[in-house]
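These are my notebook entries on one protein chain. I set down what I looked up, in the order in which I looked.

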Amino acid sequence: MNKQFNELVEIIKAYNPNSNIELITEAYLFAKQAHEGQMRASKEPFISHPVNVAKILATLELNSKTIAAGILHDVIEDTDATYEQVKEKFGSEIVTMVDGVSKLSMINLDTKKEQQVENIRKMLLAMTKDIRVIIIKLSDRLHNMRTLEFVTREKQIFKATETLEVYAPIAHRLGMSAFKWELEDLSFRYLHTDEYYNLVKIISSKRKARESYIDSIKKTISKNLEERNISATVEGRVKHLFSIYNKMKKQEKSIDQIYDLFALRIIVDNVNDCYAVLGFIHDMYKPMPGRFKDYISMPKNNRYQSLHTTVIGSKGQPFEVQIRSKEMHQIAELGIAAHWRYKQGVKEQENMESKLAWLRQLVEWQSDTSDADEFYDTLKVDLFTDEVFVFTPTGDVKNLPAGSTSIDFAYYIHSAVGNKMIGAKINNKMEPLSTILENGDIVEIITSASSKGPSRDWLKVVASSSAKSKIRQFFKKENRGENIEKGKEMVERELKRQKLVFSEIFNPKYYDATIKKYNFKTLDDAFCAIGYAGITANKIISRLKEEYRKDHQVEIPIEELVVPKKDNVPSGNEQGIIVKEITNCLVKISQCCTPVPGDDIVGYITRGRGVTIHRKDCINIINDKGFEERQIEVLWAKNTDSNYNAEITIKAYDRNNLLSEITNLINDMKIAMRKVEANATDDGIAIIKVMVEIAGKEELSKIIKKVKRLSGVFEITRKNKRK
């Protein structure tokens, strides 16, 4: 047994001395043998990853079968072990969890986005059967994010983006805030590296003063609660980095203008004490108007409960106070995972139905979506954190996604209410159906038996997948013939816009593969789906064009890219670039990312313009779905006298002489400046763009290093924007 596995066993025994260590050991030995010879990007044996995932699960105090599934979670996907072998050795409960976590790696899909979407679909479906699937998946993603430094920059960006857009919001919806915050901060670190480390630096520099201030408040509050005979634990913490960054970005403020950087948490025995403590806090400190939230009487969708209030401290500095019971605190930190702790076991499964109703609805709504992009976009809306609380005329509270309208509200009540809706009163006043609801609004839906149903325009204003799904279902069931005709009209209109001929594109040879890909049985089914907005006409046409080109597209011979140049160019062309297998080729340096010698580069074959050179971490390359088909290997020539333009953006706290100090520093380095732009924001941030002419990355690194030393400079980035 290795050291990491022994540490895992010790963690498990500490919270559950009666755990099935034999089962966990058997799972470890099976996984170790299955992963034999596999290595991680960190050069560690692969088995270290599933063991660390199991350790994360153990910190949640989960039962032995869940821990075993965590150890085995990659064996079906990444080794020769089969579903049947795992089932025979460990039983159906464990293999179902393992299979739920496994990716659909054997399915042949066209794009990375489609692969990603199908993985998420399967995971959501598996979650409805056993919520432990997503708890294991979140633990898997958390350990991968903790070790993301060892993978390529491209993979860092992809994983961090997916984590921020899908997995952190899922953790939020499951109430697992400890996971959510760490996943967000780790994603922030890799997606906005300079901003992340700048925040770390600034917060660390004020750590002692802040800790002293927090400690003094904690002592004052603890003393007052003790005098009132209220048993409580008082904790102080700095808000998470991603939360601070979002607030700075949203409010367009510097960190010095963000005052509530820390929060106090008071944990008491029961609900009555929560409200009593709230009264004491408001007696001790002046509350800020409009900053009180009662999530006890109106819990969030993820069952989060707490009282939140922001008050003014003795030094005039605002800080947030969160007040909750011990039970509320456990649910806030662990969320749904708290119900799978070993002490509660399977009995809690009976209470899961109501708690996971939102998840089953989510899977049902998403099953209507064939398009990968639409699925991913609507999923992000469903999982995002913001909610709005509104009331029915009888006082029942309903929570909807932020941005919802009265149409969303009507369909939330019932599909029949939405389908017969003709108007809405918000706070007893007739308002347009597109009016966005706000917290505390009282909404009354006006219906009519003679209503012919919803309008297709409603799909453009509703915010919830629930409403979109129910509106589409109406059109799908009620008006198939009309939808087919409307779908055909939309297709013909789009073909005309693209100057394409219907009879050439809509040939069975091409559309059979297309409708099969999107799970339609007939072409009319596809037209019908376009008619009721289940998929766009452009999406179907784009796929048809791909099939059509397989028969008609003439590839551009590589010779067409070659243009006359100087004789004998063994060390590279005029740009200092060697294009593999081509001795003489038109080469252009991309202006979206301006690569220089020393950067990792890749070539992109462009029609009639030769090869464009990009940095490998260029955002346009990463987001280009067709890039792999048109890339070509390129290298920097070893000996070249060429110079290159590179643009850097400098962000600093604005002050006198800042611009002159930067330009003087670059001039002193004997480096030519081709362009300088300087602007200042309303909150005192200077943004200076400088284009320099340099020989390579090493020279650029020296510039960046020296400019960073100037007073007030907190971020320097290279140009890397969308075309």
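**Entry 1: the whole chain.** I counted 31 helices and 21 strands; both are DSSP runs numbered from the N terminus, helices being H or I with at least four residues and strands being E with at least two. The model is predicted, so I note that local features need pLDDT of at least 70 and side-chain atom pairs pLDDT 80 or more, while totals for chains, interfaces and linings use all residues. Residues are numbered from 1 along each chain as its sequence is written, and side-chain values use heavy atoms, with hydrogens and water left out.

I found that 50% of the 723 residues count as buried (buried is under 20% relative accessible area, exposed over 50%, partly exposed in between, with a 1.4 Å probe and protein chains only). Among contacts (heavy atoms within 4.5 Å) with a separation of 6 or more, 66% join residues 24 or more positions apart.

**Entry 2: helix α1.** I checked the length of α1, residues 3-15. Its 13 residues should span 18 Å at 1.5 Å a residue, and the end C-alpha atoms are 19 Å apart, which agrees; the expected span is 1.5 Å times one less than the number of residues.

Which residues of α1 are buried? I listed F5, L8, V9, I12 and Y15. An α-helix has 3.6 residues a turn, so residues three or four places apart point the same way. On the face turned away from the buried side I found the exposed residues K3, E10 and A14. The buried residues of α1 pack against α2 (21-34), α3 (48-59) and α4 (64-72).

**Entry 3: the cores.** I looked up the largest nonpolar core, which has 58 residues; L8 and L72 are among those with the most contacts inside it. Such a core is a set of buried Ala, Val, Leu, Ile, Met, Phe, Trp, Tyr and Cys residues joined through side-chain atoms within 4.5 Å. Beyond its neighbours within four places in sequence, L72 touches A27, F30, A31, F90, I94 and V98. Another core, of 44 residues, lies apart from the largest one and includes A410 and L523.

**Entry 4: V713.** I placed V713 in strand β21, residues 713-718. V713 counts as buried because its relative accessibility is 12%. Leaving aside neighbours within four places in sequence, V713 is in contact with I650, K651, A652, V707 and K708.
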